[in-house]
Amino acid sequence: MAEQLEFFAIPSPCRGICESNSRGFCRGCYRNREERFMWMKLSDNEKRKILRLCHQRQLRELRNKEKDKEIILQQPNLF
């Protein structure tokens with residue numbers, strides 16, 4: 001497979017919300033500790049791979065939040 005030329009550096013996905021969730025991923029950018037610390041040393045291909053992983057992690061968290069909402073809505077109203 002031919003490598004695509006990149007004219008601009010791949011920016012960090014950091015949003016400035018630097019808190020870890022229960023699984024160890026940043027709540028803002030969904031990177032783990034090692035991915036955050038090594039970002040400047042990674043190649044563009046490695047950065048793209050991490051960005052894909054972050055997107056998958058974000059989608060997974062959104063799906064889990066939707067499931068939690070459904071569970072809460074299914075409980076009978078006591079009032």
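1. A residue counts as partly exposed when its relative accessible area lies between the cut-off for buried, under 20%, and the cut-off for exposed, over 50%. R27, with a relative accessible area of 45%, is therefore partly exposed. The structure discussed here is a predicted model.

2. R57 and E35 form a salt bridge through their side chains, at 2.8 Å from N to O. R57 belongs to helix α2 (residues 44-74) and E35 to helix α1, so this pair ties together parts that are 22 residues apart in sequence. Both R57 and E35 are buried.

3. E61 and K65 make a salt bridge in which the closest N and O atoms are 3.5 Å apart. Both residues are in helix α2, and because they are four residues apart there, about one helical turn separates them. E61 is partly exposed at a relative accessible area of 24%, and K65 is partly exposed at 46%.

4. R31 sits in the segment before α1 and deserves a separate look. Which side chain of opposite charge is nearest to R31, and how far away is it? That side chain is E35, at 6.0 Å. A salt bridge requires a side-chain nitrogen within 4 Å of a carboxyl oxygen. R31 is buried and has no salt bridge. E35 is instead paired with R57 in a salt bridge.

5. The side chain of R31 does have a polar contact, at 3.3 Å, with the side chain of S12. With neighbours within four places in sequence left aside, the residues in contact with R31 include S12, P13 and C14, as well as G24, F25 and C26. Also among them are R36, W39, I50, C54 and R57. Of these, R57 is the residue that forms the salt bridge with E35 described in point 3.

6. Y30 is likewise placed in the segment before α1, a helix that covers residues 33-38. Is the phi of Y30 positive or negative? The value is positive, near 70°, and Y30 is not a glycine. Most residues other than glycine have a negative phi. Y30 is buried, because its relative accessible area is 10%.

Definitions and conventions: Residues are numbered from 1 along each chain as its sequence is written. This is a predicted model: local features need pLDDT of at least 70, side-chain atom pairs count only at pLDDT 80 or more; totals for chains, interfaces and linings use all residues. Side-chain values use heavy atoms; hydrogens and water are left out. Helices (H or I, at least four residues) and strands (E, at least two) are DSSP runs, numbered from the N terminus. Buried means under 20% relative accessible area, exposed over 50%, partly exposed in between (1.4 Å probe, protein chains only). Lys and Arg count as positive and Asp and Glu as negative; His and the chain ends are not counted. A polar contact is a pair of N or O atoms within 3.5 Å; within protein, one must be able to donate a hydrogen and the other to accept it, and residues adjacent in sequence count only if both atoms are side-chain atoms. Contact means heavy atoms within 4.5 Å.
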